[in-house]
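Here is a short briefing to read with the model at your side. Please take a look at the sequence and the fold, and then we can go through the main features together.

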Amino acid sequence: VLGWPGKTADFERYYPTHFITSDRGILFLWQVRMIFSGKFLTGRAPFRTVYIHPTVLTKDGKRMSKSLGTGIDPLVLTKKYGTDALRFGLAYLTTELQDVRFGEDTIVMGRKFANKIWNIARYVFKKIGDEKIPDAAPSASHDILEKLDATALGVTESIEGLRFGEAAHLLYDFVWHDFADRYVEETKEQDDANTKHILAHVFGTSLKLLHPFMPFITEALWQEFRTRDAAKEIKATEGLLMVEPWPR
């Protein structure tokens, strides 16, 4: 693929890579062979980190198999619930255990969460409007900002530690409960610049944190969000969300 054994620019740039993910059942069929081949042919292992993801089983604990009739077509689930709902539901289901039992209830939860994000966006867009928000220090609602910072830190550490399910749980709890249930409700009777600044900041940062898990809904909402003056004031760039700096 990279032109080996020729010394191509692609080969020099992309080999070795950093990360590979695998079910434990094929570690010796594929990953070990790749390491042996890479070391023998190039003198370098092809990757540094192997993430052994859980095996997804049926709800009653059986192995998913087309021949056994226990398989589930992800394209059917995507058509039924949406791609982001499927992605987030699977991430939310992932634990430190090797195997997880799959049920559509988790994907239904993912769809409800996606709908919740749309509802939050509609509220934020209506609240901040299209006009430039007068500069104001976001001090009156420090609680939501502290929770946002704690969530950003927790999600970052979880992703870097390959604890993807933990990251999904942190995001769900913050966006649904801290942001939507509490802060959005608190701001419904408020129309000051400080509140608008905070809404824009929390919403924009939340989209960035959610993006690896729900790339389609977050990108669509980001394109709507970044055209507004409030987004420009929190230094949202003019490009795609997928190349935005990660929240610090």
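A residue is called buried under 20% relative accessible area, exposed over 50%, and partly exposed in between (1.4 Å probe, protein chains only). At 43% relative accessibility, aspartate 143 therefore counts as partly exposed. This is a predicted model, in which local features need pLDDT of at least 70 and side-chain atom pairs count only at pLDDT 80 or more, while totals for chains, interfaces and linings use all residues. Residues are numbered from 1 along each chain as its sequence is written, and side-chain values use heavy atoms, with hydrogens and water left out.

**Overall fold**

- The chain has ten helices and four strands; helices (H or I, at least four residues) and strands (E, at least two) are DSSP runs, numbered from the N terminus.
- From the N terminus on, the order of elements is α-β-α-β-β-α-α-β-α-α-α-α-α-α.
- Of the 248 residues in the chain, 41% are buried.
- Taken along the principal axes, a box of roughly 65 × 50 × 30 Å is filled by the C-alpha atoms.

**Around helix 2**

- Leucine 29 sits in helix 2 (residues 27-42) and is partly exposed, with a relative accessible area of 46%.
- Glutamine 31 is also placed in helix 2, but this residue is buried, with a relative accessible area of 5%.
- Leaving aside residues up to four places away in sequence, glutamine 31 touches Ile20, Thr21, Ser22, Ile26, Phe47 and Val50; a contact means heavy atoms within 4.5 Å.

**Salt bridges**

- The structure holds ten salt bridges, each a side-chain nitrogen of Lys or Arg within 4 Å of a carboxyl oxygen of Asp or Glu.
- Lysine 80 pairs with glutamate 104 in a salt bridge, with the closest N and O atoms 3.2 Å apart.
- Lysine 80 is in helix 3 (residues 74-81) and glutamate 104 in helix 5 (residues 104-128), so this pair ties together parts that are 24 residues apart in sequence.

**A linked network**

- Salt bridges link Asp143, Lys147, Asp178 and Arg182 in a network.
- Lysine 147 and aspartate 143 have their closest N and O atoms 3.4 Å apart; because the two are four residues apart in helix 6 (residues 142-160), about one helical turn separates them.
- Aspartate 178 also forms a salt bridge with lysine 147, with the closest N and O atoms 3.5 Å apart.
- That pair links distant parts of the chain, with aspartate 178 in helix 7 (residues 164-186) and lysine 147 in helix 6, 31 residues apart.
- Aspartate 178 is buried at 16% relative accessible area, whereas lysine 147 is partly exposed at 29%.
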